[in-house]
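Please keep the sequence and the coordinates at hand while reading.

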Amino acid sequence: MPKGHAFTRFPSTHDTIISYGKGEGCTWNPIFLPYKAEYIESHYNQIDEATGRRFQLDNTLNPNSDRPNLKYEWNGHRRVWRWTKEKMQETHDTGRIVYTKSGMPRYKRYLDEMPGSPVTTVWTDIPPINSQAQERLGYPTQKPEALLERILKASSNEGDLVLDPFCGCGTTVQVAQRLNRRWIGIDITHLAIGLIKKRLSDAFGPEIKQTYDVIGEPTDYQGAAALAAEDKYQFQWWALGQVGARPADQKKGADRGIDGRLYFHDDDSGQSKQIIFSVKAGGVSVPQIRDLVGVLTREKAEIGVFLSFDPPTKPMLKEAAEAGFYKSTDGTTYPKLQILTIQQILDGRQPEYPLHRRDATFKKAPRSRPAAARNLTLPLLPSD
């Protein structure tokens with residue numbers, strides 16, 4: 001879609017990918033696209049009767065006439081040929097030379113030996129991610145996997161190290177993993193890191209977690225405390241990521257009592273049920289629990305979860321218990337308002353809700369073929 005300015009100049013309809021290389025030995029692998037059907041029909045329209053293979057008859061003359069070493073007589077014609085006389089004889093002996101009525105040699109070029117059409121600087125075969133695309137995860141700057149696959153195949157080989165210093169939702173990381181490259185992905189937000197971790201798990205299975213390290217993410221109580229003291233929003237995003245919830249709004253501002261949401265299904269109707277999350281880095285009190293109960297009523301949510309750094313008081317636990325229970329379609333009951341501390345989350349505890357189809361919160365990344373375990377890194381850099 002053209003990007004404005006149609007009445008003042010030609011609209012901008014393309015981006016530019018800039019390639020940098022250190023020295024002359026940088027990797028570059030040519031990329032080819034399959035020939036179009038009409039090209040095959042017009043250029044490879046002959047069939048080998050013995051093998052059924054498509055071929056065309058190509059020129060055997062050299063485009064450079066100033067090649068004295070390639071000038072000789074062949075089958076009554078003296079020309080500057082494409083190959084040496086020895087190579088011409090070898091090609092003739094293998095049945096790859098066909099002669100015209102005048103005796104001119106023509107080279108028998110088979111379609112299945114050609115790599116295809118070389119990719120140029122204009123790429124029209126990779127569509128953008130539309131609203132119905134299976135790989136769409138809802139991240140505003142998400143790029144198509146096919147785009148990153150082409151870039152990585154052209155500029156690296158299997159086993160090479162790929163760096164994405166602004167990895168966002170992790171398209172480069174996922175494609176590098178699928179193409180058997182080592183990788184490093186960097187982002188400044190726990191929101192992005194949490195999304196990438198889930199994307200990798202969806203694409204390659206939960207066992208992928210054993211093949212990479214996350215640097216800069218809290219792994220214990222002290223680390224969580226430091227993050228809470230440094231940046232309450234980063235702490236909030238990290239805490240929500242630990243329980244599989246989606247932040248209510250990535251912008252810093254009024255949240256109307258909602259820090260995150262998690263959606264689940266407890267039957268096969270396809271109707272999503274909602275869990276509301278409130279995250280507190282400190283200073284917990286009974287009124288906060290009452291406020292969350294009010295939010296559940298307003299949002300018509302089934303369950304509310306209060307995530308706190310500090311342990312709840314007995315009056316808070318009593319207030320939560322008085323909220324009652326959510327009863328799933330199979331008759332199982334779950335506390336309608338649940339309080340979890342960061343320490344409990346670090347110890348492996350999760351919110352209680354129906355297990356039926358737990359993939360409704362984030363759009364699930366398409367499954368990729370498993371890749372061999374390697375030493376990978378997912379750094380989280382501190383923001384300025």
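Which residue in β7 stands opposite valine 98? Arginine 106 stands there. The model is predicted, so local features are reported only at pLDDT of at least 70 and side-chain atom pairs only at pLDDT 80 or more, whereas totals for chains, interfaces and linings use all residues. Residues are numbered from 1 along each chain as its sequence is written, and side-chain values use heavy atoms, with hydrogens and water left out.

Strands (E, at least two residues) and helices (H or I, at least four) are DSSP runs numbered from the N terminus. Two strands pair if DSSP finds at least two bridges between them. Strand β6 is joined to β7 (residues 105–110) by 3 bridges, and the two run antiparallel. Both belong to an open sheet of 4 strands, ordered β2-β3-β7-β6 with antiparallel pairing. Because β2 (46–47) and β6 (97–99) each have a single partner strand, they stand at the edges, and one side of each is left without a neighbour in the sheet.

Two charged side chains are found over rings; the criterion is NZ of Lys or CZ of Arg within 6 Å of the ring centre and within 35 degrees of the ring normal. Arginine 53 places its charged end over the ring of tyrosine 110, at 3.7 Å from the centre. Lysine 108 lies over the face of phenylalanine 55, 4.7 Å from the ring centre.

The interior comes next. A nonpolar core is a set of buried Ala, Val, Leu, Ile, Met, Phe, Trp, Tyr and Cys residues joined through side-chain atoms within 4.5 Å. Buried means under 20% relative accessible area, exposed over 50%, and partly exposed in between, using a 1.4 Å probe and protein chains only. In soluble globular proteins, nonpolar side chains tend to be buried together. The largest core here has 24 residues, of which Phe235, Ile275, Phe277, Leu307 and Ile342 touch the most other members. At least two residues come from each of α6 (221–230), α7 (232–242), β13 (260–264), β14 (273–280), β15 (303–308) and α10 (342–346). Helix α7 gives the most, with 4 residues. A second, separate core of 17 residues includes Leu147, Val173, Ala203 and Ile208.

Beyond its neighbours within four places in sequence, isoleucine 275 is in contact (heavy atoms within 4.5 Å) with residues including Phe264 and Tyr353.

Rings of Phe, Tyr and Trp (its six-membered ring) pair if their centres lie within 6.5 Å; planes under 30 degrees apart count as stacked, over 60 as edge-to-face and the rest as tilted. This rule gives 12 aromatic pairs. Tyrosine 39 and tyrosine 44 have ring centres 6.4 Å apart and planes at 55°, so their pair is tilted. Tyrosine 39 is partly exposed at 30% relative accessible area, while tyrosine 44 is buried at 2%. Phenylalanine 264 and tyrosine 353 also form a tilted pair, with 5.5 Å between centres and 50° between planes. This pair links distant parts of the chain, 89 residues apart: phenylalanine 264 is in strand β13, and tyrosine 353 is in the loop between α10 and β19 (376–379). Ring pairs also link Tyr221, Phe235, Trp238 and Phe309 into a cluster.

Finally, the whole structure holds 0 disulfides, a disulfide being a pair of cysteine sulfur atoms within 2.5 Å.
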